[in-house]
Amino acid sequence: MQVQLETLSTLERRISITLPMAEIDAQVGERLKRVARNAKIQGFRPGKAPMKIVEMNYGAQVREEVLGEQVQQAFYKAVGEEKLRVAGYPRFEPVNNEGDKETFKFAATFEVYPEVKVGDLTGKDIEKPVAEVTEAEVDKTVDILRKQRTRYSRVEREAASGDRVIIDFKGTIDGVPFEGGSAENFPFVLGQGQMLADFETGVTGMKEGETKSVEVSFPEDYHGKEVAGKKAVFEITVKNVAEAQLPEVDADFAKMLGIADGDVEKMRAEIRKNVERESKRRLSARVKENVMQALLDVTEIELPKSLVQLEVGRLIEQARRDLESRGMKVQDMPFPPELFQQQAERRVALGLILSELVEANQLEAKPEQVKAMIEEFADSYEQPEEVVKWYYASPDRLEGPTSMVLEDNVVEFVLSKANVVEKPLAFDELMGNNA
Amino acid sequence: MNQERLMQVILAPIVSEKSTMIADKNQQVAFRVVGDATKPEIKAAVELLFNVKVDAVTTLNVKGKVKRFGRSFGRRKDWKKAYVSLAEGQEIDLTNAAAE
């Protein structure tokens, strides 16, 4: 086997390999013999066909297989000897050498992993958001929980904003009923914009059992094309008016939330713990984001195109699956690769930087760290031991926590090197304003 | 004999266990030929197409099989088979001839 290595560009390499034909022929012959033992060919009982006929039928195919295998083998052997780290998949092409029946020659073009030089982090500012969980935040969370458990009780008064009403309605345009314009026993909550404003003001002030006609003009941009911009008359009968009642923060409420003895203080502590965990998670996610950005900023790196391409493919596949699981038809949906290009580049770059950092600074995830991480996960479940057991049941379940520990290690390492700037962050902003 | 006719007489070589066996044992080759082919025609055709010396030709008519599909019966076509004995030292290599 003769090997010849060329450097095409900083990352691209071409390797030319010459294999002796005799070896390939011998392999082909051997394999044909194996095929012949149970080859099914027209006119012969299985396995009874003579060698010549078998070769005529299967020769080309077997030869192709053998060649493919030999090429792969020779390539990886050569790569191993030259100590190259191949990124992505190599491209093989046969080299034409007419007149030389003794050898088979081919070339493989591929990219190698770039040398990653992580830049100097000292003196680099990394923003580290901090947010504190106070009693006020706990109160807010309690409020949300109360709202989620709103109960309605029937009242005999005029419906007001915030009340839930159950109505029958029949809508007509110019005296003609239209599609979707009528319903029976239709519940909705007043004052939340569920219905058109005209409709809601019409219902407001009605009592149980009352009937009334309300004129509603549909806005021009209404989603129902037929009725948009038209005027309709609704005949509304109110069947039930119910007042919203938020549950009191008391023992019952605590019980509802899973505190067995109904201790309100305990409930607050539990909520606080959850809120703190959530806020910690989001904070660390932000720090991680900042750290990764910093790493990208200080490191210059040339990315192997094939790796980026692979990543783009993966991202597209992921997006496709994601959409599919939401019930969209993805068959004929175009996924332009350019959309994913940037994201893929970033991910590949980060992957390379991270693995370099981990290797250079011994940041591998240690088993006890993984254990701690899993226990932290498990903490929010009702039976933590079960969850821990589940994770340890198979190695690929451990993969997730392990890579998270790894990332955490890197983040910590970077933070220890770089200049950390603490920045207070409003709690609401951290939680995405919906708290 | 008409050359054009000779080109049409032989339809296909028969490749089977029996045909390979007789090729090894008796220097015979089996062909599927048109139904109204005569022995002299086949002999001339094989000599023309494969450029060999033919010793003798034996022929037989193969009756088509009766096949049924559900309730209806059908009959496959009858055809003529020819065993061509080659003269001493002659050979037809069908593996390559088929490609030509």
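Analyst: We start with one term. A helix here is a DSSP run of H or I with at least four residues, numbered from the N terminus. Keep in mind that this is a predicted model.

User: What makes residues 3-9 of chain B a helix, and which residue is found there?

Analyst: A helix needs a run of at least four residues. Helix α1 of chain B covers residues 3-9, and M7(B) is found in it. The run meets the cut-off, so the name helix applies.

User: Which residues make a nonpolar surface patch with M7(B)?

Analyst: L48(B) and L49(B) do, and the patch is about 250 Å². Nonpolar side chains are joined within 5 Å, and Met and Leu are among the types that count.

User: Why is the contact of R45(A) and E17(B) called a salt bridge?

Analyst: The cut-off is 4 Å, from a side-chain nitrogen of Lys or Arg to a carboxyl oxygen of Asp or Glu. R45(A) and E17(B) have 2.8 Å from N to O. That lies within the cut-off, so the pair is a salt bridge. The count between chain A and chain B is one salt bridge.

User: What else describes the meeting of chain A and chain B?

Analyst: Nine residues from chain A and six residues from chain B take part in the contact. The buried area is about 620 Å², with 64% from carbon and sulfur atoms. On the chain A side, F44(A), K52(A) and M56(A) supply 56% of the area buried against chain B, more than any other three residues.

User: How do you know that β3(B) and β6(B) pair?

Analyst: Pairing needs at least two bridges. Eight bridges join β3(B) to β6(B), and the strands run antiparallel. The count meets the cut-off, so they pair. One example is T58(B), whose bridge partner in β6(B) is Y83(B).

User: Why are β1 and β3 of chain A said to stand at the edges?

Analyst: Chain A has an open sheet of four strands in the order β1-β2-β4-β3, with antiparallel pairing. β1 (2-7) and β3 (86-94) each have a single partner strand, so one side of each is left without a neighbour in the sheet. Between neighbouring strands the turn is 20° on average, direction ignored.

User: How do you know that β1(A) pairs with β2(A)?

Analyst: Six bridges link them in the antiparallel sense. At least two are needed, so the strands pair. V3(A) stands opposite I17(A) in β2(A).

Methods
Residues numbered from 1 in each chain as written. Chains lettered and ligands numbered in written order. Predicted model: local features only at pLDDT ≥ 70, side-chain atom pairs only at ≥ 80, totals over all residues. Heavy atoms only, no water. Patch = residues over 30% accessible without salt bridge, like charges linked within 9 Å, V, L, I, M, F, W, Y side chains within 5 Å. Areas by Shrake-Rupley, 256 points an atom, 1.4 Å probe, with all protein chains shown as cover. Contact = heavy atoms within 4.5 Å. Buried area = accessible area lost by both parts, 1.4 Å probe. Axes fitted to C-alpha atoms, helices over the stretch in contact; angles between N-to-C directions.
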